[in-house]
Amino acid sequence: MLGKLDWSAIPFDQPIPLIAGAVVLVGILAVLIWVVVKGHLPYLWHEWITSVDHKRIGVMYILLASVMLLRGGSDAIMMRIQQAVAYQSQGYLPPEHYNQIFSAHGTIMIFFVAMPFVIGLMNLVVPLQLGVRDVAFPTLNSVGFWLTATGALLVNLSLVIGEFARTGWLAFPPLSELSYSPGVGVDYYAWSLQISGVGTLVAGINLVTTVLKLRTKGMNYLRMPMFCWTTLASNLLIVAAFPILTATLAMLLLDRYLGFHFFTNEAGGNVMMFMNLIWAWGHPEVYILVLPAFGIFSEVVSTFSGKALFGYRSMVLATMAICIISFMVWLHHFFTMGAGPDVNAIFGIASMIIAIPTGVKIYNWLFTMYGGRIRFETPMLWSIGFMVTFIVGGLTGVLLAVPPADFMLHNSMFLVAHFHNVIIGGVLFGAFAGFEYWFPKAFGFRLDERWGKLAFWFTFLGFFITFVPLYIAGMLGMTRRMQHYDVAAWRPWMIVAAVGMAVLTIGVICQIMQIVVSIRNREALRDRTGDPWDGRSLEWATSSPPPVFNFAFDPDVRGEDAYWDLKAHAKRQSLEHEPPEYHDIEMPRNSPTGFVCAFFATIMGFALIWHIWWMVILGGLGAWATFVVFAWRDHDEYVIPADEVARIDRVSIEDRRNLVSMAGSV
Amino acid sequence: MSMTATAGRAHADPHHIGRTAEHEGPAPKRIVTAYGFWIFLLSDIVMFSCFFAAYAVLSGQTADGPKGTEIFEPRNVAIETVCLLLSSFTCGMASIAADVRNRFWFYLGMAVTCGLGLVFLIIEFREFADLVSRGYGPSRSAFLTAFFSLVGCHGLHVSAGVLWLLTMMAQVFAKGFRADVLRRMMCFALFWHALDIVWVGVFSVVYLLGSGG
Amino acid sequence: MNLLDPQGPVAAANSTILVDSVFIMLAIVVPTIVAILVFAFWFRASNPKARFQPDFVYSGRVEMVVWAIPALTVILLGGVAWIGSHQLDPAAPVPGTGSPVRIQAVSLDWKWLFIYPDQRIATVNTLTVPAGAELNFQLTSSSVMNVFFIPQLGSMIYTMNGMVTKLNLRADSEGKLHGLSAHFSGDGFPDMMFDVNVISPLAFPDWVAATAKSDAVLNEESYKKLMQQGVEKGRPVYRLDDPRLFDLIATQHIPPGPGPELISDAGRPHSGGHDAR
């Protein structure tokens, strides 16, 4: 009846996950009860859960990412403590638990922190920057988000029901095959990624179509803000790379469930094929994450320097070059597999070539600052912190692309330090910069600067205190994923890294404090102009938070830096003041399709993991029925009457108008 | 605040880009939908290409089991191919019928397409069932693993297509040729033709090359 | 296990390339970081002396330079990578004194088996080699992937079931080194560290002779016992019964090692992990 599921699936003998799970469960229950008792459920349902508004969905993506960041961060803390104490001893985490933790840490941080964070920011900002009302496929957007949430839910379910993979975040076969990992861990891993992968693909298709086909009048390709370009590049990579992940995991699942032989040791399976396929997805994935971050830094550096982005054309060229070359370098992840000198050298050089456009980007940011009037508000701090940190990560990255150096550093703690250097220093700093920068746009008030700056400095210093020791440990021959070790020379560095982790944790606490304090002081921090940073692109041309229709009028773009252009122009001739004529606006209706679909996907995923076949069929039928019902609806849009548009637009129009007429006069 | 009112040129071209073509604004819904679906199809083809790649890598790994030449039946494959190619034609007819809003020809075209798709699926299913009953299931060797997954993946797509096709017919029956139904019909037609193209690949790589070697 | 303290020519060359590459890159990285900090500081909004140039957003000459600097660096490093990859190909010969020693390494769950086919002996978790001689490794795995790595001798290489990889190394000075597996392979993975005893070429035959007197015999049967999952704390040595044992493993005539036995159907914490402790 329940497949493989029985009481032994609950880890009654392991206090750590049990207590953690119980705390989370109590927390969720408490929140749910509070929501129901306070009567917020209808609000949540109508305004958020069923919302197809790109801004709301973006916010929910970011919320998901933030919660998962805490989960992944807890894993990181546990790992750093384990390695600090596990010298000539077993530490406090047995291998079967430690191995789950590092696998879950990697999986969660990439798929459920970094991905939803950048997708959330793109969702929130890109339609505003393009001057349009929504993304190309609003309901699918909601489906994509909820499927991502399903994946995250399944991963976290493994904490208390069964186990997570103990194979590392890429689940290399043959270790991940049924014969060496007979538990449900790898199944949790694979199914949650399959389901969230569909969500990511949908988001990718949606954003590519949005950027290519939905731009407001006059928004040529070469007038798009840089963030839109990097969004385009990143989502093109999603569309081209995620199907590879889907296919690869499907093959692994076929091996595990139906006895196929793609990657088994037996009957001619080929493990090297897995390595090639997974990295053919995995390397572009890195750029899927970091390209939007590059876009955020471009926006932030330009805004806070009070200048247009230096070398815009070069930046576009560099972005697209990275997009293409990132597909030609995957083999550098396994130079040490014996591919032969020619192949190694070619892929090594191809990997280095990516450093050229990346370097160009750094220099262009540098020259954007040159001759600027730089304001060191929190988003700018994250950006400068990024530039410094990322260059170090780039250096070690190019070093790892030199095959003979990689022959000694492959899979070492040096590698671990390198990719944290680029992912924390690049993606996470970018996400934080974007979060601070666009928070006022999303919620209508700024974040507290003092706590924000504290968060930056603790995170920045904590990063170096944590990861420089890991670089050194790598140079001392330490390899990754060691549950314990006997080498005395490694130990002091592991202790320093644990201290660094504590500093990083303080940084995270500061971030939380920042949000709490800002919400408390929201009236003082209120932004009525819609343009708190003296911004340059169209998202600042509407109120904060923007109305559901984003713009009362379709913006007409006449040059780059559309909103800046408008402000500069307004300085010279006063803006016409006769009341504009408002029109009816059609907007997509809310739809529970995404949520219902994810509900059935969760049931189906869980049932597949535990081999509960009747439930699989039920979930599958439910998902299909949801789509048919969705296809049968008669009204997919509703009309906001012109009066209503006028009422909403006039609420803050005076503040915004004043800002525009005064702009540039600084 | 009316933004259409402004025509700033002060910073209009700071990057020395020169004049660029004027952009007219967002594309109409029909274009957007088709464009998005094209992108989905491309990504689906990327997924197929992984299974093709796996087949290319594993096709020699027979683990002392049967080779392609020993199990492929060219006659069946020929019938399957004819079915699919014909169905692409009838699907095209149905699309044209939908465009001119002719119900009779639409239903007829879709029904024939469905019939041909089902014939294809039945032949494929029998081929698979026959192989499994002879002990040549996908667990027999890596070659058979790759063969079953590549051909089976295409078969699953065709099955999903048939399900979609029936849903489309029901939609036209219930809702008529509404704009959104027509957009869906266009996506369906794209999907069905794409499956044809993939089948040409399967036919060439698996069956033609397989029976040659 | 310091990578910058090489004990053989391969490690020496690897670490030279590593250090050289770092210095080549530092030559542009350091000025860039300094420039970022200086520009950010000088052009702060509160500095009245800094000249505000809002129109400085395009300069053909600057563009040329910013593309050229990373490109030139990469051309230089690309040369290093190309030459290095060829000279330091793991399969390339590493000439040494005396006759080369053939060693066949098998990664097991979770220990290393070293077979000396010419000497007809085998050891577990200890690798004893003569200083100065070329060491010809052939490597495979009994089950999952691992990576064979002796940090101070250089160049690591994967071991995979059903496949043989090749690696040539040389140890130049006598002493005790450590090796490990550099690819996660399951619960006992951290215990896959092994000793490397580099002894004098004169002492090597004596060690071989002493080892060959071992009572334990390595044949198909005892190998199958050895490849069960578990950690080996001791350092057993064997007489080698059949010098073709490695080929039998590599060609899968001996089937791949078994995984853990599943205790509960829910398969949460199962065996293996418990042995590992």
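Visitor: What is the count of residue pairs in polar contact between chain A and chain C?
Guide: In this predicted model, the count is 22 residue pairs, both partners at pLDDT 80 or more.

Visitor: Which elements of chain A give two or more residues to the side that touches chain C?
Guide: Among them are α4 (95-130), α8 (271-305) and α14 (449-475) of chain A. The largest share, 19 residues, comes from α10(A). That side of chain A divides into 62 nonpolar, 28 polar and 15 charged residues.

Visitor: Why is the pair Arg166(A) and Asp187(C) called a salt bridge?
Guide: The cut-off is a side-chain nitrogen of Lys or Arg within 4 Å of a carboxyl oxygen of Asp or Glu. The closest N and O atoms of Arg166(A) and Asp187(C) are 2.6 Å apart. That is within 4 Å, so the pair counts as a salt bridge. The count between chain A and chain C is 1 salt bridge.

Visitor: How many residues are in contact between chain A and chain C?
Guide: 105 residues of chain A are in contact with 99 residues of chain C. The buried area between these chains is about 8400 Å². Carbon and sulfur atoms give 72% of that area.

Visitor: What makes a space in this model count as a cavity?
Guide: A 1.4 Å probe fits there but cannot get out. By this rule there are 9 cavities of 30 Å³ or more.

Visitor: Which residues lie closest to the centre of the second largest cavity?
Guide: Of its 17 lining residues, the closest are Pro225(A), Met226(A), Glu299(A), Leu309(A) and Asp561(A). The largest share of the lining, 4 residues, comes from α8(A). The lining divides into 7 nonpolar, 5 polar and 5 charged residues.

Conventions:
Residues are numbered from 1 along each chain as its sequence is written. Chains are lettered from A and ligands numbered from 1 in the order in which they are written. This is a predicted model: local features need pLDDT of at least 70, side-chain atom pairs count only at pLDDT 80 or more; totals for chains, interfaces and linings use all residues. Side-chain values use heavy atoms; hydrogens and water are left out. Contact means heavy atoms within 4.5 Å. Buried area is the accessible area (1.4 Å probe) that two parts lose on being put together, summed over both. A polar contact is a pair of N or O atoms within 3.5 Å; within protein, one must be able to donate a hydrogen and the other to accept it, and residues adjacent in sequence count only if both atoms are side-chain atoms. Ala, Val, Leu, Ile, Met, Phe, Trp, Tyr, Cys and Pro count as nonpolar, Asp, Glu, Lys and Arg as charged, and the others, Gly among them, as polar. On a 1 Å grid over the protein atoms alone, a cavity is a set of points where a 1.4 Å probe fits but cannot get out, and a pocket is an open set with protein on both sides within 12 Å along at least five of seven lines; lining residues have an atom within 4 Å of a point. Grid points are joined across faces, edges and corners, and a volume is the space filled by probe spheres set on the points.
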